[in-house]
Amino acid sequence: LEVWGSRSGVEVVTRERGADPASVCYDVIEEAEKRGSELVLIDTAGRLHTSSDLMRELAKVVSVTRKRAGITPVSVVLVIDATTGQNGLNQAKEFNDALDLDGLIVTKLDGTAKGGIALAISHQLNLPIYRIGVGESIDDLQTFDAHDFCAALVGEGVQ
């Protein structure tokens, strides 16, 4: 994250390893308010939906963040790998149950994965897809366009 922050000219706030994630989020929001920041991104770095301890910790992070943000909007977005297939739907359901997700970002659409599971997740959980990742450069995180996505998924003949 620090490398990507540097590349994009965005400050990355970190704390020492082992710090309580919820308290880090609290501190970061407080710091952002003092600086007059318009946007704060919090990356919880690869939580596993199969670990109940990690999911409880993540729910605490979201709860603390929402409380500390007050009236400032907080969006909880799941970033999911397009190669996960059916397991991705199970992951999304678990995260949605624990966190009440607001939307999705689907990554790794630059390889052989077509990301069809993203449509199933979006439909079944009634979540919008905000962005798609089609590579590893800074400009490869693109706005999701349903028509273009479907055309790429099933072929150019889609009307």
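**Note on helix packing, the nonpolar core and selected loop residues**

1. The axes of helix H3 (residues 52–69) and H4 come within 9 Å of each other and cross at roughly 45°, where axes are lines fitted to C-alpha atoms, for helices over the stretch in contact, and angles run from 0 to 180 degrees between N-to-C directions. Helices (H or I, at least four residues) and strands (E, at least two) are DSSP runs, numbered from the N terminus. H3 and H4 are therefore oblique to each other, given that angles under 35 degrees count as roughly parallel, over 145 as roughly antiparallel, 65 to 115 as roughly perpendicular and the rest as oblique.

2. This is a predicted model, in which local features need pLDDT of at least 70 and side-chain atom pairs count only at pLDDT 80 or more, while totals for chains, interfaces and linings use all residues. Residues are numbered from 1 along each chain as its sequence is written, and side-chain values use heavy atoms, with hydrogens and water left out.

3. H3 passes H4 in a right-handed crossing; a crossing is left-handed if the near helix is turned anticlockwise from the far one by less than a right angle, and right-handed if clockwise. On the H3 side, Met55, Leu58, Ala59, Val62 and Arg66 meet Glu94, Phe95, Ala98 and Leu99 of H4, contact meaning heavy atoms within 4.5 Å. By class, the contact of H3 with H4 has seven nonpolar, no polar and two charged residues, where Ala, Val, Leu, Ile, Met, Phe, Trp, Tyr, Cys and Pro count as nonpolar, Asp, Glu, Lys and Arg as charged, and the others, Gly among them, as polar.

4. Helix H4 (residues 86–99) also packs with helix H5 (residues 116–125), their axes coming within 9 Å and crossing at roughly 35°, and H4 passes H5 in a right-handed crossing. The contact is formed by Gln86, Gly88, Leu89, Ala92, Lys93 and Asn96 from H4, together with Ile117, Ala120, Ile121, Gln124 and Leu125 from H5. By class, this contact of H4 with H5 has six nonpolar, four polar and one charged residues.

5. H5 packs with helix H6 (residues 146–154) as well, at an angle of about 135° and with the axes 10 Å apart, which makes H5 oblique to H6. Here Gly116, Ala118 and Leu119 of H5 meet Phe149, Cys150 and Leu153 of H6, and the residues of this contact divide into five nonpolar, one polar and no charged.

6. The largest nonpolar core has 24 residues, and those with the most contacts inside it are Leu78, Phe95, Leu99, Leu101, Val106, Ile121 and Ile129. A nonpolar core is a set of buried Ala, Val, Leu, Ile, Met, Phe, Trp, Tyr and Cys residues joined through side-chain atoms within 4.5 Å; buried means under 20% relative accessible area, exposed over 50%, and partly exposed in between (1.4 Å probe, protein chains only). At least two residues of this core come from each of H3, strand S1 (77–81), H4, strand S2 (103–107), H5 and S3. Isoleucine 121, leaving aside its neighbours within four places in sequence, is in contact with Ile80, Gly88, Leu89, Ala92, Leu104 and Asn126.

7. Most residues other than glycine have a negative phi.

8. Proline 128 lies in the loop between H5 and strand S3 (129–133) and is partly exposed, with a relative accessible area of 38%. Not counting residues up to four places away in sequence, proline 128 touches Asp102, Gly103, Leu104 and Ser122, whereas its C-alpha atom is separated by 18 Å from that of glutamine 86, 42 residues apart along the chain.

9. Valine 28 lies in helix H2 (residues 21–35) and counts as buried at 14% relative accessibility. Leaving aside neighbours within four places in sequence, valine 28 is in contact with Val13 and Val40, and valine 28 and isoleucine 42, 14 residues apart in sequence, are 8.8 Å apart in space, C-alpha to C-alpha.
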